[in-house]
Structure formats: structure tokens, C-alpha cells
Amino acid sequence: MSGSTDNRKNGTPVMRAENLGITFGGLHAVSGFDMEMYEGELIGLIGPNGAGKTTVFNLLTGVYQPTEGNFYLHGKSMLGKKPHQMAKEGIARTFQNIRLFKDLSVLENVKVAFNQSMSYSMLEGILRLPRYWKEEEEIERKAKEILAVFHMEGEVDQKAKNLPYGRQRKLEIARAIATGAKILLLDEPAAGMNPTETAELMETITLIRTRFGVSILLIEHDMSLVMSICERIVVIDYGQIIASGSPYEVANDPKVIGAYLGQDE
Amino acid sequence: MSFLSNILTGVSLGSIYAIIALGYTMVYGIAKMLNFAHGDVIMVGAFMCFFATGRYGLPPLVSVLLAVVVCTALGILIEGLAYKPLREAPSLAVLITAIGVSYLLQNGAQLLWGADTKTFTPIVSGSLSLVEGRLNISYVSLLAMACCLVVMVCLTLFTSRTRMGKAMRACSEDKGAAQLMGINVNSTISMTFAIGSALAAVAGVLMCSAYPVLSPTTGSLPGIRAFTAAVFGGIGSIPGAFLGGILLGIIETFAKAYISTDLSDAVVFAVLIIVLLVKPAGLLGKYVPEKV
Amino acid sequence: MKRTLSKTSINGFINYGIVIAAFLILQLLMAQGMISNTLKSLLVPVCCYIVMAISLNLTVGILGELSLGHAGFMSLGAFSGIVAAMAMQEFSPVPRLIAAILVGSIAGALGGVLVGVPVLRLQGDYLAIVTLAFGEIIRNIIVVLYVGLDQKGIHITTNSAGPALEEGGIMVIKGPMGAVGVPKLASFTAGFVLILITLFVVQNLVNSRAGRAIMALRDNRIAAESVGIHVTKYKLMAFVISAALAGAAGALFGLNYSSTVSSKFGFNTSILILVFVVLGGLGSIRGSIISAALLYILPEMLRGFEFITKARMLIYAVILIAVMLTINNPALKSLLEERDLSLGGLLGKLKNGGRAKKGGAGQ
């Protein structure tokens, strides 16, 4: 974890948001969102309900187009990119309300995410030319490798909708990893999990960081999870950043306490 | 003069479309489903009126009332039996069911009343002569326009002033929240179907009076055209259905007059496609993207 | 390859097997003279409808979008195929038929692109209504079309006098009368081969990366986009392939009768095919084959019984509603899903203390 501080000194941030904001019919859902993320970092994004956390995710993944500001991946502007293009740029996400391909098998769910790294054409696929077999075998292997990291190798043939809840959350993360993304946005991965599952999830998150070299931005309400695994925390309220810093700094920030307890500043 | 007469024909045809489109738009707004069978309810209404006047010699007004009562009951029945169990089902399933209901009505009518085309006796006849006889407007056309205006005004008042109307609007915004506010969502949806079907009966009688032929498939094409009108005006919007209906009536009449009778449907549907491409929410509708 | 792939390909091979076996049995029965002329006359159309059902299933069951204008693509294929076959008078029947089917499928595909590019950005009900509109537009246009052939090539006009043709020229499509004097080039064998090709295309597509992307779009569009699936591209791919196959089926269908009118490919036909697909099971290729064959042949065989002939469409309507209500019945659905759980799934469920049920709540 000390590595991240080194990264921050040299090199460009993997992601940088600059004064990012969006207005819905006069309402500033998010405004003036500034943030830098360096390689390998694990940042928590917290805030009360309705603070605009998921909106930030939607902005960063092209679901919404910002009405102000800009954001950059590896120094490149991402303005105007559509969601499917964002995946190619190396950013992948999970959803607050799980969105799996419910009638596809666990393995197929992961394979879908490899689509953009495959190159055989539709015709090659229909005629099953050599490239089809080569690439299909390759992603079959890779997909199983990823699933093995998540200890899901026993469930490859199950339909996604039949998985237990905690495993559905994991599969969503596995699928995001399979896109080859270097930045992961996890939207409340521990929501609805019991303490054992949450503990397991924390292990998984730490593991995938080192295993796949990804930087993670995490929305979470489970404070014990956020405080224990994030190096840096950004707090937003009413669409604006009210504090950021180490877990200790944030936890003792009067503005943060105010936002959570509903006090006036 | 022919231009003016075409406009009048268009507006009166459009008035009928508007009345039908209101049924589509209200149901779509509240139940988020395309009630494919709506057009066939029109046909049932027209048949009721046909039998009441033709076979039993009832006065026109009574026949129309009978048609309205039967269609209202039919609308509630269809909703309760076929659509209500599918409230949580995917929209594909609901749409396929609606197509099934449409087919059921068409083919049921065919079995009961025969596939042959019947001549409908208009509920009012004669026409008004204007500008020294150079411009004729049939009374049916006038009646259609008047009905459309009355329906528009009543519906607007109903949805803005009455308790039930407000409940409808609440349900179309957010069913969950409406339920929490103590609104009975199921009966509200039922009510919407009832109103839509009653309007369909009126439209059926008007349409068959203006174009006096009647067969089991009479309702299907006008139904689709009226749906086009609803989409054109902005689905879910009551003034939109009105506007879309009138515009579509005019477009269809002009296409028939200046392009080709055979191609008038092609023109109408081309309009639909263009509208959906340029302004998917229609003229007066608002676009609501799926929430992530 | 590994287990998952082999499982799906076994399923695919069973489908080829069923089709080949049915073909051989029918050929054998025909050689024995055990097949009535009525049934014989149904063989080509039934092949066409099977292809139609499989191809519509690609749009409705696999892509998850409702198309109500599938017969419109069939119509495009039929009339363009007929024109192609008539234009190739000097060739022998087999190349003529192959060329006609190719032309038909290209016409279908072009129609698919024409409709697909604008409307696939729309979703659900809008897409359904636009495909319906499109089917009607095609029918409308063919009714006013007059097509003639002479040495100079193809002449097309909407003038009811027909195009001016040179000596020896022939009229192919005569407006409301449709195509006349069509050579009956279609054969049962051709239909059988077309089904096999359709199976090959659809099954292999589904088991490729494109097929996975298409099914992912069906299951969750937003999630599919988030992993880099280009929505329009894959929707269009499924839609156009489906339309091309319908066009091919249309060409074969058109060349089975000496005359064809465009009203044969109206909304009713689109619905009929939809009934086949829904009854066979959305997404089930085998289901489409079996239900198309049975539902097409049975009513024809039962023509003697007046009530059935009359009430045929009524019965279909009732079945359509009943199937939809049954498979979407929440109580029944959970029962089916319990069955669906394999042994491994059941064990997993026990281990997790019955939490499996919560999984669906997120959708």
C-alpha cells in the first residue's frame, strides 16, 4: 500500500476528474467534482443517501454526459464517450442493483465481457473457422481462471439467476474484471450481505487489486469495510465533495459528521 | 375548395383517431403497455350499435349507450383476465398477450357474426351545405369533431380535478409511491381501461357512421393508425393524443387525395417512423431514459 | 472443446438429426406412395414456415425484441426471388432456384437494414409497432407495383398500364394481382436444405461471441453496454440475419405457386409465425421447428372438420394467451426454476442457507 504514495509523486493519474458536474433540469446532481486516482489506489466514495454517488459513477462510465467539467483516463479526455466505449477505455463497473445476464451461465456471463478483446468476425463465427476455435478456447481458459480467483469454478454452468445473492455480486465483479479494465467502479458491493459475506468480499477486493493490478473506486455504506480497506476516502453531499483524505482524517472531519448526522455546519 | 374540404375531412377523421388514441395513451401512460386489442374493442362497439339499431330497432342514442356499456365491461374484463396477472411480467409477454386478445376478439367476432362485410346504418345522416353547395360537411363529421372536443375537455377536467383522475396521474408517475399514498393501483388501472374502452365504443360508432362498412377486422387498422397518432403526439399525453390524432387524420386524407389511396397507409406509417426517429417522445411527450 | 461447448453443440446436433430423420422418413413414405397429395402439397410451405419460425425466434427469443413484420421480409424475398427466377429463363432449374433464394435473402437483408438502422434504437413496444408498420408498407407498395422483364432488363412502374415492354417481354408482377406465371421451381429437398442452412447459421451464431453479446443485450442492456457491447451493432446483426433468412424462405415459398399476391404476407402471417415461436418456446430452436411443423400441418389435415377450420385462429389466440399467462404465473415460474436448479445448484443453495431466493430481487 505504500506503493500508491510513490505513484502519486511520479506519473500521471490513471483517472482525473476536473470540475465534473451534471444538471438535471436545474438541479445540480453533481457539481465541481475534482478527483485524481493513481495506479493501484483503492478509494472510497461515501456520502449520505441521494448525495450523488451513483451519478458520479454514471458520469464516469458514459451513462450520463457531464454538463460541466471533464474527466480523463491516462490523460485522455473522455468527453462524449458512450458506455460501450468507456469499457474499451479500461473502465468497468458493477451496479447497485445487480445487473447480470440472468439467463446465461456463469461462464457465459464472464465470456461476454471478453467480447471486446476478441477479433473473429461474425462470419468466422458462423463458419467456425480456425480463429473462432482459437479465440474461443483462449477465453474459455481465461474466463475460468478469473472465476477460479473468485472461487466460483464449481458454478460455471449454473445460470446466473440461480446463484446465491453474495455470489451474484461476486460474479458481477468477475465480469467487470474480464473486460480487461484497469479501473473498477464498485457500486455498493456489500449491500445486502451478511458480515461473513462482507468479510469474504473485503478479501476478494484486496486480492483482485494485486492479482489484476486494478485501481478501485468504491461506493459503500458499510463504514467498517470502507475504513479498513480504503487508503483514501472522498465524501460527497448534495453533489459536492465536502471532504477527502485518509480514513482517519475523514472520520474526524466535522463536516462529514454533520452530513451524516444531519447537523448544520 | 377541394383543399378546404380535404382539411375538413381530415379533421373529422382525425377527431375519431384522437378519441381512439386517447384510449391507447391513457393505458400506456398508466400500465406502460401497448393494448393491442384496443382497436378490436372499437369493432365490438360498432357491432353492438349495428345490432341494436339494425336488428332491434333501438333509437341511435340508446344503441350508442349500449355499445359504450358493453365495451366498458369488455375493457374491464380483458384487463382483469389477461393483463392483470402479467403486471410483473416482461413487456414482451404482455405485448404478446395483448396480440392474443386482439386475435381472440377478431376471430370470436368472425365466428359469431360472420366474416362478411356489413353495411352500417349511420346514426345520423345528411350533410350541411356551405358556400352555395360547394362545400359539404356531413353531420357525422360535425358530430365526430364535437365529440372529440367534448371528450378532450371532460378528460382534461377529469384528470386534473377529480380524485380518481389525480389517482390516475399519480399511478402513471410512480405506482409504488401511489400505492403508499393509499391509492388502489389495481382499481385505478381498471378504471383507465374502462374509460379507454368506453371511448373506443364511441369512436367505433362514429367511424362506422362516417365509413359505413363493418367487419371483424374493421378495428385493427384504424387501431394501429390511432396508436401511431398517440405516438406522434407523445404517448402518455392527453393533449398529445388529440394533436396527433388530428394531424394524422389530415395527413391521411391528403395522402389519399394527392398521392394514392393504396399508399395512404404507407404514408401514415412512414410518418410514424420519421417521428420516432426525430423525436422519439413525440410532439408533446417527454423522454424518460431508463434509470441506472 | 470443454463441457459447456459440447453441451450446446449436442443440442444443435439433435436438431440437425430431427430434421434429417423427418426428411428421410417422408421421402421413404413418399416412395411407398403412402403420402396423400394434400400432405405432399404442404411439404414446401411447411419448410418455409419452419425457416420463418427459426429466424423469428432469433429476433424474439434470442435478441428479445418483438418483430411484428416478419412476413414483410418474407414478402420481399418472395417477390424479388420470383423476379430473379423469371429473369434467368435460360438457366436450368437448380441454379435458378439457388439464385432466386440468394436474391430473396439479400432483399430480406436489405429490408432488415432499412428497418433496423432507424428503429433498433427504439425499444420494446415501439420496435414492435414499427416492424408492423413496415410490413404493411411493403404490402402497400407491392400492391401498386408493376414489374416487367424484357431483353433490356427489368422495368418497374406504378402505372397501372404496366411498363412498356419490348417484344417477347413478360409481366412478372401485376399490381394487385401480384406475381403471375411463376415457374414452380421449389422442391421439398430445397426446403430441407434451407432448413439445415438456417439451423447452421442460427445455431452457430448463438454459440459465437456475437450470439453471447446478443443474448446479453436481451438479458440486461445496460450491463451489456458496461462491458463494451455495442448495442446497435449486435441488435442489427440479429435483426438482419433474421430478415435475410425470412427473405430466403419467402423466395422458396413464392416459387412454390404459379401466382402469389402480397396479401399472403400480411399481418396475419406475421402473427401466425409468432404463434409458432411462442408455443415452441422463446429461444428454443427445436421448439420452433416442431411447433411450426405441427401447427401448420394439423389444421390443414383437419380441414374436414368444419369447426376447426373456422375456429383455427380463435384457438391460436386462446393458446397464445394461455401460454403467456401460464409461463408468467409467479407461482408456476418459481416451481419451474426450482426444477431448473441442477444438483450442484441445490447443494449450493443448502450450503448458503436458502439465500438463493434473494438473488432475483436485484433485477
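**View 1. Helix α11 of chain C in the predicted model.** Helix α11(C) covers residues 285-301, 17 residues in total. From first C-alpha to last, the helix reaches 24 Å, close to the 24 Å expected at 1.5 Å a residue. Buried positions in α11(C) include I285(C), G287(C), S288(C), I289(C) and I290(C). S291(C), A292(C), A293(C), L295(C) and Y296(C) are buried as well.

**View 2. The open sheet of chain A.** Four strands are arranged in the order β2-β1-β4-β5, with antiparallel pairing. β2 (27-37) and β5 (76-77) of chain A stand at the edges; each has a single partner strand, so one side of each lacks a neighbour in the sheet.

**View 3. Pairing of β4 with β5 in chain A.** Strand β4(A), residues 68-73, runs antiparallel to β5(A), and two bridges join them. Y72(A) is placed opposite S77(A) of β5(A).

**View 4. Helix α2 of chain A on the strands.** Helix α2(A), residues 53-60, lies across β1 (15-24), β2 and β4 of chain A. The helix runs at about 65 degrees to β2(A).

**View 5. The largest nonpolar core.** This core has 302 residues, and those with the most contacts inside it are A46(B), I50(C), V51(C), A249(C) and L252(C). Helix α1 of chain B (residues 2-31) gives the most to this core, with 16 residues.

**View 6. Surroundings of L252(C).** Neighbours within four places in sequence are left aside here. L252(C) is then in contact with V44(C), C48(C), I101(C), A186(C), A190(C), G191(C) and L194(C). L252(C) is also among the residues with the most contacts inside the largest nonpolar core.

Technical notes. Residues numbered from 1 in each chain as written. Chains lettered and ligands numbered in written order. Predicted model: local features only at pLDDT ≥ 70, side-chain atom pairs only at ≥ 80, totals over all residues. Expected span 1.5 Å × (residues − 1). Buried ≥ 20, exposed ≤ 12 C-beta atoms within 10 Å, placed from the backbone. Pairing = 2+ DSSP bridges. Contact = placed C-beta atoms within 7 Å. Axes fitted to C-alpha atoms, helices over the stretch in contact; angles between N-to-C directions. Core = buried A, V, L, I, M, F, W, Y, C linked by C-beta atoms within 7 Å.
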